[in-house]
Amino acid sequence: MMGARERGLLTLSDLTGQDLERLASRSRELFHDESAHDRPLRDKVVGVLFTKTSTRTRTAFSAGTVKLGGFPLLYGPGDLQTATGETLQDTGRVFGSMLDGLVARTAGPLRELREISRAGDLPVINAMATEEHPTQGICDLATMLMEFGALDGLTVLYVGEGNNTASALAHGLSRLPHCDVTFATPPGYGLDQQILDDAAKQAAAVGGSVRQVHDLDELPHQVHVVYTTRWQTTGTVKPDPDWRRVFQPFHVDERLMDRWPDAKFMHDLPAHRGEEVSAAVLEGPRSIAWKQARMKLTSAMAVLEEVIAGTARS
């Protein structure tokens, strides 16, 4: 149906705090028991479109669709007629007539996924766009819920580039009560100012805070989670040939972690040991990055269940 509104999970800014807590809780429930469902995607076909590299997200949504009883139809970067000039609107109209939902990673602008959804009147799950990686955000919140037992009142320090994972964290944590989030980013590589402003306003409304610093001397005194991502984010190119020198102070090692002896370490992976994080931290006793990686599957299942099967639980 041309002119329909977009549907699905496109950005965490569309969700409420209750939505996020529900998805995180359901992800945790499925983590403990992947069979805790009645195959809500049976007889449904889910398109899984990945035009950029992916290990965890593509595997999670493909396997998650199967585990929920559906059939994943996989598309690679050269498989669609968009590669020969077909418009996104025409592609979306066809998808909408044949698929029950679409999971897409393009590393292109979010507006492209919105166009596909509107043109096909189709639920679309943003598995990463330039602006945001919302399904990673759901996974991250579910991992924190698993680790701390509750999401309210957390203090999170993100160290590194203000990329699409950082944007998802800003949108997600700012909607949860009393969460304080600091983004420590290299100068010139911070979050989009509009995203920061929106997140800070949202956080203030629920008793929390969101801020960005470029100096490691301005970090918070209390931290529950130290989070980083790889410096070379999928789909991005850094124009400054000397960018590694700018990023080097934002390396997460044992010395940095020792500032908060009880803090846990998170990483969305893949990791480049020796760049954004030391091997000792990534593999150390305070790292929950591998639990976080496993949570990709069950958080994908929770999203598929709610967005495509329409089985939201209160």
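Q: What should I know about the model before I start?

A: This is a predicted model, in which local features need pLDDT of at least 70 and side-chain atom pairs count only at pLDDT 80 or more, while totals for chains, interfaces and linings use all residues. Residues are numbered from 1 along each chain as its sequence is written, and side-chain values use heavy atoms, with hydrogens and water left out.

Q: How many helices and strands are there in the protein?

A: Helices (H or I, at least four residues) and strands (E, at least two) are DSSP runs, numbered from the N terminus. The protein has 11 helices and 10 strands.

Q: What radius of gyration does the protein have, and why is that value of interest?

A: The radius of gyration is taken over C-alpha atoms, and the globule rule is 2.2 Å times the number of residues to the power 0.38. For 314 residues, a compact globule would come out near 20 Å, and the protein agrees with this because its own value is 19 Å. Along the principal axes, the C-alpha atoms fill a box of roughly 55 × 45 × 35 Å.

Q: How do I read burial and surface here?

A: Buried means under 20% relative accessible area, exposed over 50%, and partly exposed in between (1.4 Å probe, protein chains only). For the surface itself, accessible areas come from the Shrake-Rupley method with a 1.4 Å probe, and for residues only the protein chains shown count as cover. The protein exposes about 13,200 Å², with carbon and sulfur atoms supplying 48% of it.

Q: What share of the contacts joins residues at least 24 apart?

A: Contact means heavy atoms within 4.5 Å. Among contacts between residues at least 6 apart in sequence, 77% join residues at least 24 apart.

Q: Could we look at a strand up close? Which residues does Val156 touch?

A: Val156 sits in strand β6, and it counts as buried because its relative accessibility is 1%. Leaving out residues up to four places away in sequence, Val156 touches Met144, Leu173, Asp180, Val181, Thr182 and Val225. Val156 and Pro220 are 64 residues apart in sequence, and their C-alpha atoms are 9.1 Å apart in space.

Thr155 also belongs to β6, which covers residues 155-159. Thr155 is buried, with a relative accessible area of 10%. With residues up to four places away again left out, Thr155 touches Asp180, Gln222, Val223, His224 and Val225.

Q: Which residues lie nearest the centre of the second largest pocket?

A: They are Leu49, Thr51, Thr82, Leu88 and Thr106, out of 13 lining residues. The elements that give two or more residues to the lining are α3 (88-98) and α4 (110-120). The second largest pocket holds about 210 Å³ of space.

Q: What do the buried residues of α4 pack against?

A: They pack against β1 (7-9), α3, β4 (101-105) and β5 (123-128). Leu110, Leu113 and Ile116 are among the buried residues of α4. Asp121, which follows α4, has a positive phi near 45°.

Q: Where is the cis peptide bond to Pro270?

A: The bond runs from Leu269 to Pro270, with omega near 5°. Pro270 is found in the loop between β10 (264-267) and α10 (279-282). Leu269 has a positive phi of about 65° although it is not a glycine, and Leu269 is buried, at 9% relative accessible area.

Technical notes:
1 Å grid on protein atoms, 1.4 Å probe; cavity = no way out; pocket = protein on both sides within 12 Å on 5 of 7 lines; lining within 4 Å. Points joined across faces, edges and corners; volume = space filled by probe spheres on them.
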